Amino acid sequence: MGLFGFVKGELVEVIDWLEADGDVLLHRFAGQSKSIKYGAQLTVRESQLALFVNEGRLADVYGPGRYPLTTETMPVMSRLHGWMHGFKSPFLSDVFFVSTRQFGALKWGTPNPVIMRDPELKQVRVRAFGTYSVRVADAPRFLRELAGTHAEIKLADVEGRLRHGIVSRFSDALAELGVSVLDLARNTTELGARLEPLLQPDFASLGLELVQFFIENASVPPEVEAMLDRVSQMNAVGDIARFAQFEAAASIRALAEKSGSGGVAGLGAEVAIGAAIGQRMAGALQPPAPAATAASPTPLLTAPGPAAAGRPPSPAGAPADREQILATLKELGALRDAGVLTPEEFQAKKAELLARL
């Protein structure tokens, strides 16, 4: 190769970037060590920007289009070099291409539960995860903050930093919104939209824009879930008598499941006992009735058994009433031992029943 051919081969005449890797945010043009020919053709495609850096200083920025590199199309570079009347000689410059398209479906999540202040539960530990989308909004700032001397910056190079920023701001952002963890679980889409502008400044400081932010799931520790389920059950039953019946029914159902496919027929006695306990509890836990007159004493239970039908009620303190009270105390003791009644509830009802003897 002659001298002319060697010089021509060292001059860059076409500058462009074909994105072979879809995860590249910034790419330095491969001809950075060669001289750029005067009038060379620069091609910037859609969703790209080209930045010329001269001697470490940002010069001209080009959007999508095709540009012949002359003094007319390089105003900043011409001013830096003092090319007042044009130039015809090759020049050196670093050329960086920045992808401005949207990068979506990026994952974020809390590696450990974060403690948030909850208006209803005071303080609670929350795990959450979701996705977000990002793109380069300020290419010069992105170049200054992240590029340095790197020839290429991929999404993986900044994803960890972005994810850490989201997690660190997540609990603070929830506190600013005053959102309960109960609402967090129900309205993840709406809350993601409300959290997005609060997270935006951290991205803007790097020249990026948080395009979309989604909370796919938020969960609390198992013990908090169990407590919330318990509160929901109490709210559903409404009072202690209905709660006792609910617990009795749940115990019978659990016994039926344990008995296997052939055990349903053998549950007649257990079902009868459970029903009797529920009825007895419903009556025993009602407020005490007004004192009955001697002519018409008030029976202990609101629904006497079939054996007592048609029989006049026994006077207060009769052996039949005493047996019913003792039987009720035994049933209440069984419910206490099973965890249906608290010791305090059992003692209160025990004192009330013993006072009737």
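Figure 1. Thr71 is buried, because its relative accessible area is 17%, and the limit for a buried residue is under 20%. The structure shown is a predicted model. Thr71 belongs to the loop that runs between strand E6 (65-68) and helix H2 (75-81). When residues up to four places away in sequence are not counted, Thr71 touches Tyr38, Ser78, Trp83, Gly86 and Phe87. The side chain of Thr71 also forms a polar contact of 3.3 Å with the side chain of Glu72.

**Figure 2. Ser47, a partly exposed loop residue.** The loop between strand E3 (35-44) and strand E4 (48-54) contains Ser47. Ser47 has a relative accessible area of 27% and is therefore partly exposed. Which residue lies 53 residues from Ser47 in sequence and 4.9 Å from it in space, C-alpha to C-alpha? That residue is Thr100. Apart from neighbours within four places in sequence, the contacts of Ser47 are Glu19, Val98, Ser99, Thr100 and Arg101.

**Figure 3. Tyr132 and Phe213 in the largest nonpolar core.** The largest nonpolar core has 45 residues, and Tyr132 and Phe213 touch the most other members. Which helix gives the most to this core? Helix H4 (residues 155-177) does, with seven residues. Neighbours within four places in sequence aside, Phe213 is in contact with Trp108, Thr131, Tyr132, Ile166, Gly192, Ala193, Leu195, Glu196 and Leu199. Another core, of 21 residues, lies apart from the largest one; its members include Ala40, Tyr62, Met77 and Phe97. In soluble globular proteins, nonpolar side chains tend to be buried together.

**Figure 4. A nonpolar patch on the surface.** Three leucines, Leu326, Leu354 and Leu357, make up this patch, and together they have about 240 Å² of accessible area. Leu326 is part of helix H10 (residues 319-337). With a relative accessible area of 41%, Leu326 is partly exposed, because this value falls between the 20% and 50% limits.

**Figure 5. The whole protein chain, for orientation.** The protein chain has eleven helices and twelve strands. Of its 357 residues, 35% are buried. Among contacts in the protein chain with a separation of 6 or more, 68% join residues 24 or more positions apart. The accessible surface of the protein chain is about 20400 Å², and carbon and sulfur atoms account for 56% of this surface.

Key. Residues numbered from 1 in each chain as written. Predicted model: local features only at pLDDT ≥ 70, side-chain atom pairs only at ≥ 80, totals over all residues. Heavy atoms only, no water. Core = buried A, V, L, I, M, F, W, Y, C linked by side-chain atoms within 4.5 Å. Buried < 20%, exposed > 50% of the residue type's maximum accessible area, 1.4 Å probe, protein only. Helix = DSSP H or I, 4+ residues; strand = E, 2+ residues; numbered from the N terminus. Contact = heavy atoms within 4.5 Å. Patch = residues over 30% accessible without salt bridge, like charges linked within 9 Å, V, L, I, M, F, W, Y side chains within 5 Å. Areas by Shrake-Rupley, 256 points an atom, 1.4 Å probe, with all protein chains shown as cover. Salt bridge = Lys/Arg side-chain N within 4 Å of Asp/Glu carboxyl O. Polar contact = N/O pair within 3.5 Å; in protein donor to acceptor, adjacent residues only side chain to side chain.
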